[in-house]
Structures are given as C-alpha cells and as structure tokens.
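Notebook open. I want a record of what I looked up, entry by entry.

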Amino acid sequence: MNFHVLTLFPDMIRDGFQTSITGRAAEKGLLSLQTVNIRDFSVNKHNRVDDYPYGGGAGMVMQAEPVCRAYESVRSRIHGSARVLYMSPQGKVFDQRMAEELAREEDLIFLCGHYEGIDERVLEEIVTDEVSIGDYVLTGGELPALVIMDAVSRLLEGVLHNEESAQFDSFHDNLLEYPQYSRPEEWRGKKVPPILLSGHHANVEKWRREQSLLRTRERRPDLLERAVLTKEDKKFLAKQDGLC
Ligand code: ADE
C-alpha cells in the first residue's frame with residue numbers, strides 16, 4: 001500500500017505516521033508514505049495558496065491550481081488509477097467496512113483541506129471519494145487522513161503481529177470487544193472474573209462472547225441489529241430479558 005498525502009502540513013502527517021505501528025510497518029517496507037506540500041505548487045509570488053471566496057463570506061478558500069498541480073505531481077508517479085480521498089465533514093462517514101475496502105487498493109491519495117475549504121472546480125476534477133471521520137468540524141484534513149491511514153494500515157498483511165491480530169476486533173463482526181484483565185488477580189479490592197482463572201478454554205470463550213453481546217446491546221444497540229447472531233447468542237440475550 002502506498003499512501004500519498006496532499007497537504008499544507010507535511011510534517012504533521014509524517015510525525016503522526018512515523019510513530020508507532022505504522023512507522024514500524026513503513027520501515028519493514030509493508031507500506032509507504034509520500035507527502036506533497038501543496039504550497040510548493042503555488043502560482044503566486046508570495047507563495048499563497050488561498051484567496052477570498054467569490055460572493056463574500058468569512059475565511060479563505062484554497063485555490064484550484066496549486067491543488068491540481070500537487071495532484072498531478074503524484075499522478076505522474078503512479079501506474080494505473082488511484083482513488084483520491086478528500087477529507088471533509090460533508091463526506092461519507094468513515095467506518096470499518098470502508099477501511100476494509102480501502103485496504104484492497106494499491107495506492108491511496110489523500111487531499112487535506114484547510115481554511116474554509118477548496119475551490120469546488122478542482123474537487124469535481126480529481127476527487128473520487130469525499131470522506132468524513134465523524135460529525136464534528138476539525139481545523140483541517142490532516143488528522144482525518146492519519147486516522148484513515150492508521151485504520152487501513154493495520155488491516156494489511158504483516159502490519160500487526162499475530163498477537164495484535166485485527167481478525168477479532170470490535171466492529172469486525174459488529175460486536176464490541178469483551179473486557180480484558182491482566183495481573184494482579186486482585187487490584188484495589190477488585191477481582192478478575194473467576195472464570196478467566198479457571199483454565200477452561202471453552203467456558204472462557206463462551207463468557208467472552210456473552211460479554212461482547214451484553215456490551216454491544218447496552219452501548220451500541222444499532223450495531224447489534226447488524227451483527228450475525230447464532231442461535232445460542234439469541235437464546236442468551238432472551239434469557240437475560242427473562243424471556244426463556
Ligand atoms: N475536516 C474537518 N473536519 C473533518 C471531519 N470531521 N472529517 C474529515 N475531514 C474534516
């Protein structure tokens with residue numbers, strides 16, 4: 001996977017990416033990151049890339065030409081087509097399913113805006129997907145791009161170690177994770193659930209599944225509706241409701 005990020009703040013992207021698991025994966029050659037500073041493509045002697053909005057209003061708008069030239073510099077280095085993700089609160093809301101879909105691509109181009117947005121004409125020309133990371137407004141697209149790159153990276157072969165495997169994560173099957181405990185057995189008077197100390201693998205698995213079901217129902221009933229439940233799962237939940 002090759003990530004290409006068009007941004008006014010390349011250091012922010014590189015610093016965020018180099019840290020932790022994504023940085024380790026890049027060092028191993030499992031993925032790569034290229035940042036392109038849109039300011040390097042300014043067509044203005046003051047190196048500006050923004051201007052006043054036509055029609056008036058607050059704030060500045062990023063101009064079409066520098067964004068387009070930055071994009072073309074990336075395109076010339078990629079063979080074949082590549083999706084261009086514009087980070088914007090107006091976009092489709094990012095989720096695990098989208099992460100799984102994006103992880104199948106060879107190259108992904110991220111476009112990070114600032115100020116009051118980017119001239120619509122260049123967006124119409126180059127953007128394939130407008131993506132939001134949630135219903136709140138950030139100061140720019142850099143953090144959303146890092147969020148998406150992180151979620152996509154950890155799905156790629158070899159990025160996570162076996163023990164960190166993405167296979168059994170929350171959201172993978174629309175169920176939240178069960179609670180986890182580590183040593184000591186008793187901490188400030190709070191004991192680890194005895195079943196986890198029993199050494200009985202099948203019972204532990206059953207308990208964990210039930211905890212996932214209960215958590216999801218309590219915290220995210222919307223997810224539970226989309227989860228694939230077994231006969232045993234349904235029976236367990238019904239029993240909790242005193243239905244059988
Ligand atoms: N840019 C500003 N806010 C954003 C959000 N919530 N998601 C994606 N890009 C953004």
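Where does Tyr 115 lie? I find Tyr 115 in the loop between β6 (107-112) and α5. I keep in mind that I am reading a predicted model.

**Entry 1: backbone angles**

I looked up phi for Tyr 115. The value is positive, about 55°, although Tyr 115 is not a glycine. I noted this because most residues other than glycine have a negative phi. Next I checked the accessibility of Tyr 115. Its relative accessibility is 40%, so Tyr 115 counts as partly exposed.

I located Arg 188 in the loop between β8 and β9 (190-191). Buried or exposed, I asked of Arg 188? Arg 188 is exposed, because its relative accessible area is 75% and the cut-off for exposed is over 50%.

Then I turned to omega. Which residues does a cis peptide bond join? I found it between Arg 183 and Pro 184, with omega about 5°. Most peptide bonds are trans. Pro 184 sits in the loop between α6 (142-153) and β8 (186-187).

**Entry 2: the largest pocket**

I looked up the volume. The largest pocket holds about 430 Å³ of space. Its lining counts 25 residues, and those closest to the centre are Tyr 86, Met 87, Ser 88, Pro 89 and Gly 117. Which elements give two or more residues to this lining? I have β5 (83-93), α5 (120-126) and β7 (129-132). β5 gives the most, with five residues.

I also sorted the lining of the largest pocket by class. I get 12 nonpolar residues, 10 polar and three charged.

**Entry 3: salt bridges**

How many salt bridges does the structure hold? I have 15. I went through some of them.

Asp 119 and Arg 121 meet through their side chains, 2.7 Å from N to O. I compared the exposure of the two partners. Asp 119 counts as buried, because its relative accessibility is 18% and buried means under 20%. Arg 121 counts as exposed, with 53% relative accessibility.

Glu 205 and Arg 208 form another salt bridge, at 3.9 Å from N to O. The cut-off is within 4 Å, so I kept this pair. Why are Glu 205 and Arg 208 separated by about one helical turn? They are three residues apart in helix α7 (residues 201-219), so about one turn separates them. Glu 205 is partly exposed, at 38% relative accessibility.

I stayed in helix α7 for the next pair. Arg 209 forms a salt bridge with Asp 233, and the closest N and O atoms are 2.7 Å apart. This pair links distant parts of the chain, since Arg 209 is in helix α7 and Asp 233 in helix α9 (residues 231-240), 24 residues apart. Arg 209 is partly exposed at 28% relative accessibility. Asp 233 is buried, with a relative accessible area of 5%.

Salt bridges link Arg 83, Glu 101, Glu 105 and Asp 129.

**Entry 4: the nonpolar patch**

Which residues make the nonpolar surface patch of about 460 Å²? I list Phe 9, Met 12, Tyr 136, Leu 138 and Leu 143. I then placed one of them. Phe 9 is in the loop between β1 (2-7) and α1 (10-18). Its relative accessibility is 40%, so Phe 9 counts as partly exposed.

**Entry 5: two distances**

I took two C-alpha to C-alpha distances. Asp 222 and Asn 174 are 9.3 Å apart in space and 48 residues apart in sequence. Asp 222 belongs to helix α8 (residues 221-224). With a relative accessible area of 35%, Asp 222 is partly exposed.

What separates Glu 130 and Glu 218 in sequence and in space? I get 88 residues in sequence and 32 Å in space. Glu 130 lies in strand β7, one of the elements on my list for the lining of the largest pocket. Glu 130 is partly exposed, with a relative accessible area of 33%.

Methods:
Residues are numbered from 1 along each chain as its sequence is written. This is a predicted model: local features need pLDDT of at least 70, side-chain atom pairs count only at pLDDT 80 or more; totals for chains, interfaces and linings use all residues. Side-chain values use heavy atoms; hydrogens and water are left out. Patches are made of residues with over 30% relative accessible area and no salt bridge: like charges are joined within 9 Å, nonpolar side chains (Val, Leu, Ile, Met, Phe, Trp, Tyr) within 5 Å. Accessible areas come from the Shrake-Rupley method with a 1.4 Å probe; for residues, only the protein chains shown count as cover. Helices (H or I, at least four residues) and strands (E, at least two) are DSSP runs, numbered from the N terminus. Buried means under 20% relative accessible area, exposed over 50%, partly exposed in between (1.4 Å probe, protein chains only). On a 1 Å grid over the protein atoms alone, a cavity is a set of points where a 1.4 Å probe fits but cannot get out, and a pocket is an open set with protein on both sides within 12 Å along at least five of seven lines; lining residues have an atom within 4 Å of a point. Grid points are joined across faces, edges and corners, and a volume is the space filled by probe spheres set on the points. Ala, Val, Leu, Ile, Met, Phe, Trp, Tyr, Cys and Pro count as nonpolar, Asp, Glu, Lys and Arg as charged, and the others, Gly among them, as polar.
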